Amino acid sequence: MTSHVPPAPVLVGCSHGTDSVTGRQAIASILADVVLARPGLDVREAFVDVQQPEVDQVVAGALPGAPAVVVPLLLSVGFHVKVDVARAVDHPGAAAARPLGPDPRLVEILADRLAQAGLEDDDAVVLAAAGSTDPAAAQAVREVVAALTQHLGRPVTVGYGAGAHPRVPVAVEAARTSLLPGGRVVVASYLLAPGYFLDRVREAGADVVTAALAPDPRLAAIALDRYDEVAARAAETWSPAVPAGA
């Protein structure tokens with residue numbers, strides 16, 4: 001008797017969803033880089049809001065033929081991870097991976113974006129995060145701020161788009177009060193892609209706002225690491241669908 005070896009789990013890359021065309025392209029680039037990094041892996045896109053298909057539908061469509069791992073293309077734990085993604089994987093053969101953040105590679109991307117934006121010695125740096133009321137999300141942002149502070153060797157403060165305080169305009173104004181002559185307020189966008197929040201950050205009064213994190217192949221590497229952490233767990237509980245009448 002031979003044991004059945006399940007196929008590799010489908011990687012379901014689940015993002016929030018956006019009306020921004022450039023934002024959609026940026027998120028899609030992460031999964032395109034995943035495919036390039038691991039040819040042959042079944043990679044599917046899903047969303048929790050704004051766009052289709054919904055993550056529940058994608059997981060349900062994958063499970064008859066293979067296990068499924070949902071990788072949240074999000075920067076921290078929050079409502080969508082704890083509710084939407086958790087509901088989608090509440091089936092045998094499905095598992096949820098950790099979100100992309102925090103991760104040292106995200107800090108490296110932030111530092112690269114600041115360098116590309118021309119960060120100078122007398123500039124003040126404000127990290128702009130989307131924000132959440134979830135304590136775990138706040139802790140994740142604090143970890144990124146601390147790591148970026150260490151990486152840059154200078155203070156980094158934080159502002160949020162929603163869900164937490166201070167808001168980005170308040171953080172920008174606070175940073176401006178302590179500027180040295182000739183210094184600027186530079187915002188490091190801790191946002192995966194262009195869209196609503198990045199538009200609001202650009203309106204917050206900073207002198208310079210960096211580009212979003214995506215596209216960047218390091219994001220795909222993080223996504224694959226998250227997938228690999230739980231792929232075996234998904235496979236252990238999966239069983240193939242039996243065709244009707246078999």
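Student: Leaving aside its neighbours within four places in sequence, which residues is Asp134 in contact with?

Tutor: Val77, Gly78 and Lys82 are the ones Asp134 is in contact with. Keep in mind that this is a predicted model. Asp134 itself is found in the loop between E5 and H5.

Student: What makes the pairing of the Asp134 and Lys82 side chains a polar contact?

Tutor: The two side chains come to 2.9 Å, and the cut-off for the N or O atoms is within 3.5 Å. So the pair counts as a polar contact.

Student: Why is Asp134 called buried?

Tutor: Its relative accessibility is 11%, and buried means under 20%. Asp134 therefore counts as buried.

Student: And Leu219, why does that one count as buried?

Tutor: Leu219 has 0% relative accessibility. Leu219 lies in helix H8 (residues 217-236). Not counting residues up to four places away in sequence, Leu219 touches Ile30, Leu106, Ile109, Leu192, Leu213 and Ala214. Its C-alpha atom is also separated by 9.0 Å from that of Leu31, 188 residues apart along the chain.

Student: Which residues touch the most other members of the largest nonpolar core?

Tutor: Leu11, Val71, Leu127, Leu148, Tyr190, Leu192 and Leu213 do, in a core of 49 residues. Among the elements that each supply at least two residues of this core are helix H1 (21-37), strand E3 (68-72) and H4. H8 gives the most, with nine residues. As for Leu213, its contacts include Leu75, Arg113, Tyr190 and Leu219, not counting residues up to four places away in sequence.

Student: What makes E6 and E8 edge strands?

Tutor: Start with the sheet: an open one of four strands, in the order E6-E5-E7-E8, with parallel pairing. Strand E6 (156-160) and strand E8 (208-209) each have a single partner strand, so one side of each is left without a neighbour in the sheet.

Student: How do you know that E7 and E8 pair?

Tutor: Pairing takes at least two bridges, and two bridges join strand E7 (residues 185-190) to E8. So E7 and E8 pair, and they run parallel. In E8, Val209 is the bridge partner of Val187.

Student: Which strands does helix H4 touch where it packs on the sheet?

Tutor: Helix H4 (residues 104-116) touches strand E5 (124-129) and E7, and its direction makes about 145° with that of E7. Helix H5 (residues 135-152) packs on the sheet too, touching E5, E6 and E7, and its direction makes about 150° with that of E6.

Definitions and conventions:
Residues are numbered from 1 along each chain as its sequence is written. This is a predicted model: local features need pLDDT of at least 70, side-chain atom pairs count only at pLDDT 80 or more; totals for chains, interfaces and linings use all residues. Side-chain values use heavy atoms; hydrogens and water are left out. Contact means heavy atoms within 4.5 Å. Axes are lines fitted to C-alpha atoms, for helices over the stretch in contact, and angles run from 0 to 180 degrees between N-to-C directions. Buried means under 20% relative accessible area, exposed over 50%, partly exposed in between (1.4 Å probe, protein chains only). A polar contact is a pair of N or O atoms within 3.5 Å; within protein, one must be able to donate a hydrogen and the other to accept it, and residues adjacent in sequence count only if both atoms are side-chain atoms. A nonpolar core is a set of buried Ala, Val, Leu, Ile, Met, Phe, Trp, Tyr and Cys residues joined through side-chain atoms within 4.5 Å.
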